[in-house]
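Work through the exercises below with the sequence and the coordinates open. Each task is followed by a solution in steps.

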Amino acid sequence: MAVITIQGLTKRFGQVVAVDDLSFEVDQGTVVGFLGPNGAGKTTTLRTLLGLVTPTAGSARIDGQPYRELADPIRHVGAVLEASGFHPGRSARNHLRVVATAAGLPLARADAVLAQVGLAEAARRRVGGFSLGMRQRLGLATALLGDPRVLILDEPANGLDPEGVHWLRGLLRQLADQGRTVLVSSHVLAEVAQTVDQVVIIAGGRLVTQSTLAALTARTDLLVRVRTPQAETLRSLLAAQGIHANPDGADQLLAAGTTTETVGKAAAAAGIVIYEMGAERSNLEDVFLQLTTHQGARS
Amino acid sequence: MIRLVRAELTKLATTRLIYGVAAVMAAFAALTVAANILDRQGAPPLSADSFPMLVGGPVTLLSGAALLVGILGMTTEFRHQTVTQTFLITPDRGRVVAAKLVAYPLAGIALALGIVAFTAAVATGWLAAKGITPSLLDARLGRVLLGAVLAAGLCALVGVGVAALVRNPVAALVGVAVWVLVVEGLLMSLLNIPSSLAKWLPSAAAAALTNPGGAQLSRLAGTLVLAGYALALALAGTRLVVRRDIT
């Protein structure tokens with residue numbers, strides 16, 4: 001069952017089309033990575049989903065309702081947004097107590113979520129002195145305050161150190177295991193690849209693809225890496241055989257959709273010297289980059 | 001709604017602004033008492049009769065302080081982007097503005113009560129040292145207190161209204177200062193507005209509460225006029241706040 005439904009969503013800011021006829025769904029209990037380069041429209045989509053931005057056309061719904069019409073939004077949906085601020089003069093604990101008071105949650109929840117995100121020690125410190133990573137943790141604590149079934153996280157890994165990113169992965173996995181639905185955005189696939197079940201990739205405000213991570217992995221290519229002083233000669237030779245190869249550095253080629261045998265025979269026939277050759281698989285990041293830049297060039 | 005008002009008051013109580021404003025106002029109140037007692041040129045000699053005047057010294061600035069607190073209570077949310085979280089909790093933005101319209105006048109009234117009590121304590125002590133025993137039952141004292149409370153509450157209300165409309169703290173503060181210090185005066189002199197009309201302008205209506213008497217509106221009329229300005233500003237501001245994208 002779809003928990004989040006984005007349907008024909010378009011948002012224009014003046015002349016700029018930030019989101020362009022975007023549609024996708026997020027099913028209950030799944031962790032979905034919402035991916036795209038900076039400026040792809042991820043934040044605008046999420047802010048529209050949360051009722052902060054009014055769409056130009058289309059709709060964004062949670063459990064069939066616009067966010068603004070949810071009966072108890074904080075218990076239903078937890079959100080971490082970029083540029084969602086804290087008053088620098090207020091302590092972390094007081095920040096959460098303000099939210100709890102306004103949402104009608106018990107004040108004891110503040111200490112519970114601070115412990116959950118590892119900020120118990122810093123609870124009484126003013127947020128103004130917090131590092132970016134600590135702010136992200138406090139943002140997550142705020143999102144978890146109402147123990148929501150749905151989590152919407154905009155670039156939660158930003159500003160986290162490697163240990164923090166590792167911790168975040170664990171937290172997301174834990175939340176997913178509890179049956180919560182998580183939509184997490186990132187401009188770096190690797191940040192979320194180990195955690196998500198599915199990915200929604202957008203670029204230029206449009207949907208590029210929605211697929212499982214496995215389907216995305218299947219799109220990776222077999223590549224042959226060749227180190228040779230005659231890279232350009234070999235490249236045109238392979239091109240003549242219909243094999244596409246890209247230079248990678250001064251004396252290296254990356255040939256796609258071929259085998260070491262084919263490249264080796266072609267090189268031997270032309271008397272090309274080869275220092276080194278091996279097969280490798282393109283990684284997810286390459287697929288992501290290829291998908292998003294292709295789309296970016298089109299729009 | 002009550003929990004939203006409580007949340008607004010918690011916001012106010014968990015940052016330093018209100019304590020700073022209270023401390024500055026207390027210092028100013030003590031100074032006005034000192035100035036009014038030490039500088040007696042042209043004034044009748046000190047007596048128990050001087051007490052209400054001494055207590056009323058800081059009332060005008062007090063309403064300015066309440067205005068400041070009201071303005072910052074709204075603009076700070078935009079400046080620090082806490083408004084995102086606020087609207088996530090309460091997507092019905094009109095209710096957020098309404099909660100502020102209740103909470104900040106309450107804070108303004110509390111501030112006024114505190115500062116008036118403090119001023120009265122300082123003045124009583126000083127007069128006692130001079131062998132004068134003021135009466136706390138003086139009817140004029142009651143009028144000073146009522147004026148201070150009404151003015152501070154309504155000015156905080158105006159502050160929230162202005163800030164809902166303007167959002168930027170500096171623009172809101174400068175705008176209000178320019179209006180009170182320059183625009184109203186210019187309007188009166190340039191357009192040659194008779195005082196029968198000028199007394200309906202916002203700061204003249206506020207003055208009817210802080211410095212009653214003369215050609216000004218009655219206290220009741222001043223209260224209603226000021227409340228009317230505040231609500232008109234708040235309504236216009238709310239319409240903007242509800243429609244604007246929070247990015």
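Two residues are in contact if their C-beta atoms, placed from the backbone, lie within 7 Å. Axes are lines fitted to C-alpha atoms, for helices over the stretch in contact, and angles run from 0 to 180 degrees between N-to-C directions. Helices (H or I, at least four residues) and strands (E, at least two) are DSSP runs, numbered from the N terminus. Two strands pair if DSSP finds at least two bridges between them.

The model is predicted: local features need pLDDT of at least 70, side-chain atom pairs count only at pLDDT 80 or more, and totals for chains, interfaces and linings use all residues. Residues are numbered from 1 along each chain as its sequence is written, and chains are lettered from A and ligands numbered from 1 in the order in which they are written.

**Exercise 1.** Describe the four-stranded open sheet of chain A and the helices on it.

Step 1. The strand order is β11-β12-β10-β13 (chain A), and the pairing is antiparallel.

Step 2. β11 (245-247) and β13 (276-281) of chain A are the edges; each has a single partner strand, so one side of each lacks a neighbour in the sheet. From one strand to the next, the twist averages 20°.

Step 3. Six bridges join β10 (residues 222-227) of chain A to β13(A) in the antiparallel sense. Opposite Arg225(A) is Gly278(A) in β13(A).

Step 4. Helix α9 (residues 231-240) of chain A lies across β10, β11 and β12 (252-256) of chain A, at about 15° to β12(A). Helix α10 (residues 260-269) of chain A touches β10, β12 and β13 of chain A, and its direction makes about 155° with that of β13(A).

**Exercise 2.** Do likewise for the three-stranded open sheet of chain A.

Step 1. Its order is β2-β1-β4 (chain A), with antiparallel pairing. The edge strands, β2 (16-27) and β4 (57-62) of chain A, each pair on one side only.

Step 2. β1 (residues 2-13) of chain A pairs with β2(A) over eight bridges, and Arg12(A) stands opposite Val17(A) in β2(A).

**Exercise 3.** Which secondary structure does chain B have, and how much of chain B is buried?

Step 1. Chain B has 11 helices and zero strands.

Step 2. Buried residues (20 or more other C-beta atoms within 10 Å of their own, C-beta atoms being placed from the backbone) make up 47% of the 247 residues in chain B.

Conventions: A residue is buried if 20 or more other C-beta atoms lie within 10 Å of its own, exposed if 12 or fewer, and partly exposed in between; C-beta atoms are placed from the backbone.
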